[in-house]
Amino acid sequence: ELGDDGRPLIADPMFKRKVAELEIDLTALEFTELRTLAGEAAGKGPGPESSVLKIKGTEIQQRITELALEAAGHY
């Protein structure tokens with residue numbers, strides 16, 4: 001997609017930053033999920049990580065949707 005200046009949208013520093021921050025948060029969510037699964041495999045009950053997974057997963061999903069809408073808005 002092209003931005004207002006005719007360059008690819010990913011060349012926009014603000015959009016690029018949003019994508020990078022989202023990628024970092026997705027990686028953190030993945031590791032939290034892996035810790036939770038390891039605890040379950042070790043026989044531990046679900047801890048507070050399971051609640052964090054649900055909340056952060058929903059927030060990240062919303063941010064992905066917002067980025068998609070921002071990218072589609074340039075069409």
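Predicted model: local features only at pLDDT ≥ 70, side-chain atom pairs only at ≥ 80, totals over all residues.
Helices are taken here as DSSP runs of at least four residues, numbered from the N terminus, and on this basis Arg 17 and Glu 21, which are four residues apart in helix H1, are separated by about one helical turn.

Helix H1 comprises residues 13-41 and helix H2 residues 48-72, and their axes come within 10 Å while crossing at roughly 155°. Since angles over 145 degrees count as roughly antiparallel, H1 and H2 are therefore roughly antiparallel to each other. The crossing of the two helices is left-handed. On the side of H1, the contact is made by Phe 15, Lys 18, Val 19, Glu 21, Leu 22, Asp 25, Leu 26, Leu 29, Thr 32, Glu 33 and Thr 36, and on the side of H2 by Glu 49, Ser 50, Leu 53, Lys 56, Gly 57, Ile 60, Arg 63, Ile 64, Leu 67, Glu 70 and Ala 71. Sorted by class, the residues in this contact of H1 with H2 are 10 nonpolar, four polar and eight charged.

Side chains of opposite charge can pair when their charged atoms come close. The structure holds four salt bridges, among them one between Asp 25 and Arg 63, whose closest N and O atoms are 2.5 Å apart. Because Asp 25 lies in helix H1 and Arg 63 in helix H2, this pair ties together parts of the chain that are 38 residues apart in sequence. Asp 25 counts as partly exposed at 24% relative accessibility, and Arg 63 is likewise partly exposed, with a relative accessible area of 26%.

A salt bridge is also formed by Lys 18 with Glu 70, for which the closest N and O atoms are 3.0 Å apart. Here too distant parts of the chain are linked, with Lys 18 in helix H1 and Glu 70 in helix H2, 52 residues apart. Lys 18 has a relative accessible area of 34% and is partly exposed, while Glu 70, at 27% relative accessibility, also counts as partly exposed.

Arg 17 counts as exposed at 53% relative accessibility, whereas Glu 21 is partly exposed, with a relative accessible area of 33%.

How values were computed:
Residues numbered from 1 in each chain as written. Heavy atoms only, no water. Axes fitted to C-alpha atoms, helices over the stretch in contact; angles between N-to-C directions. Parallel < 35°, antiparallel > 145°, perpendicular 65-115°, else oblique. Left-handed = near helix turned anticlockwise from the far one by under 90°. Contact = heavy atoms within 4.5 Å. Nonpolar A, V, L, I, M, F, W, Y, C, P; charged D, E, K, R; others polar. Salt bridge = Lys/Arg side-chain N within 4 Å of Asp/Glu carboxyl O. Buried < 20%, exposed > 50% of the residue type's maximum accessible area, 1.4 Å probe, protein only.
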